[in-house]
Amino acid sequence: MKTRDDTEALNSLTVRAVGDMLGLKLPTSGTTRCPLPDHEDRTASFDIRRGGLRWICYGCNQRGGAIDLVKSCKGMTFLEAKRWLAAQSGLGFSLTERRRHRAIAKHCSRAVVPVAAPKEEEETPPDHTVYAALLKHAHLLPAGAEYLHGRGFQDSTIADFRISQMPSVTVIRSLIAEFGFARVEAAGLLTKSSTPDRYRAILPEGALLLPYMEAGRIAYFQARILENGVKKDRWRNLNHRHRRLYNVDVLFNPQIRHVAICEGAMDVIAAAQLGRQAIGLIGVSMRLSPKEMIALRGKQVDLLLDWDDAGDRRAADLRKELARFGVAATRKSAPSSGAKDVNDYLREGNSRL
């Protein structure tokens with residue numbers, strides 16, 4: 001097999017199906033122990049993703065598709081792996097027409113291996129430049145400062161987390177003029193119904209603006225509406241962008257050995273003022289990725305999710321999830337004061353947690 005089409009067809013086979021050919025028991029998707037012969041994986045580091053077509057091992061830092069799995073498992077060159085996989089799957093004959101090639105690949109997928117799930121659309125990387133340009137025009141106004149002070153946050157803490165407020169639509173207009181509509185839309189800053197002629201910012205004007213920093217650059221924004229009349233959906237997120245961990249750099253800092261996991265950005269900020277390094281889930285049901293859980297290995301982990309029934313249930317599940325990656329976590333008991341979350345505890349006048 002020599003053409004690019006041949007490679008595409010072979011890589012349309014699922015990782016699980018290729019594992020069957022190699023004599024390996026692999027799941028359709030999710031995480032398992034790494035099957036590569038040069039990696040003694042004591043915990044589950046091998047993750048199957050993108051509809052079962054791609055894999056990555058966070059332990060040995062290898063990744064790829066069907067051909068790469070054969071190459072890594074059998075110690076072959078890429079061409080040798082293609083030939084082996086072609087013979088095993090029934091795709092081992094010369095083809096010249098793309099349509100015919102794909103038809104036979106589809107037939108072999110049905111006859112020999114499970115049909116691959118549709119490929120998931122990969123998210124484009126965060127547009128750090130557009131996000132930085134937005135934050136440059138965002139400032140904290142008196143109403144925002146009053147709200148944050150009411151939650152017990154000091155000015156130094158507010159500055160450390162670069163909290164500001166969403167500027168007016170004129171700034172969005174200037175971003176579109178500078179970077180183009182398509183780029184601003186791809187960054188998630190516009191509503192779903194926006195067009196180049198009629199557009200609206202997804203994050204409301206005047207809402208608190210919280211940048212999510214990753215390696216010193218902005219990778220995401222979340223906003224908190226301040227109007228008293230808004231009782232539901234006070235938090236707004238970027239449009240069509242995957243939600244991320246808040247303050248995630250704490251995970252990958254080798255100098256930080258004690259990490260708390262909180263529910264939401266405000267509790268992370270409160271934890272910082274209480275002397276704790278913390279990361280925040282966007283919503284109690286948010287899950288950590290295998291890479292993020294592996295980064296917690298060797299660290300002391302405290303679960304500071306809300307002290308309510310939902311928080312307790314999620315803490316119990318999260319402890320089990322972390323344990324599968326060799327991470328021991330402690331659920332911190334609710335304060336005797338009756339505080340329901342970390343920010344409540346700060347507002348009670350406490351200085352340490």
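Two strands are said to pair if DSSP finds at least two bridges between them, and the strands themselves (E, at least two residues), like the helices (H or I, at least four), are DSSP runs numbered from the N terminus. The model is predicted, so that local features need pLDDT of at least 70 and side-chain atom pairs count only at pLDDT 80 or more, whereas totals for chains, interfaces and linings use all residues. Residues are numbered from 1 along each chain as its sequence is written, and side-chain values use heavy atoms, with hydrogens and water left out.

**View 1. The hairpin of β2 and β3.** Strand β2 (residues 46-49) runs antiparallel to β3, and the two pair over 4 bridges. Within this pairing, Ile 48 has Trp 55 of β3 as its bridge partner. The hairpin leaves 4 residues between the strands, and Arg 50 in the turn has a positive phi of about 50°.

**View 2. The hairpin of β3 and β4, with Asn 61.** Strands β3 and β4 are also joined in the antiparallel sense, over 3 bridges, and Ile 56 stands opposite Arg 63 in β4. Asn 61 lies in the loop between β3 (54-57) and β4 (62-64), where 4 residues separate the strands of the hairpin. Although Asn 61 is not a glycine, its phi is positive, at about 60°. Most residues other than glycine have a negative phi. Asn 61 is exposed, with a relative accessible area of 59%, where exposed means over 50%, buried under 20% and partly exposed in between (1.4 Å probe, protein chains only).

**View 3. Ala 215 in the loop between β6 and β7.** Ala 215, a residue other than glycine, has a positive phi near 55°, and Ala 215 is exposed, with a relative accessible area of 68%.

**View 4. The largest nonpolar core and the surroundings of Leu 322.** A nonpolar core is a set of buried Ala, Val, Leu, Ile, Met, Phe, Trp, Tyr and Cys residues joined through side-chain atoms within 4.5 Å. The largest one has 79 residues, and those with the most contacts inside it are Leu 175, Phe 221, Ile 261, Leu 288, Leu 296 and Leu 322. Helix α11 (residues 265-273) gives the most to this core, contributing 6 residues. When residues up to four places away in sequence are not counted, Leu 322 touches (heavy atoms within 4.5 Å) Ile 261, Leu 288, Met 293, Leu 296, Val 301, Leu 303, Val 327 and Ala 329. Apart from this core lies another, of 22 residues, among them Leu 10, Leu 26, Trp 55 and Val 70.
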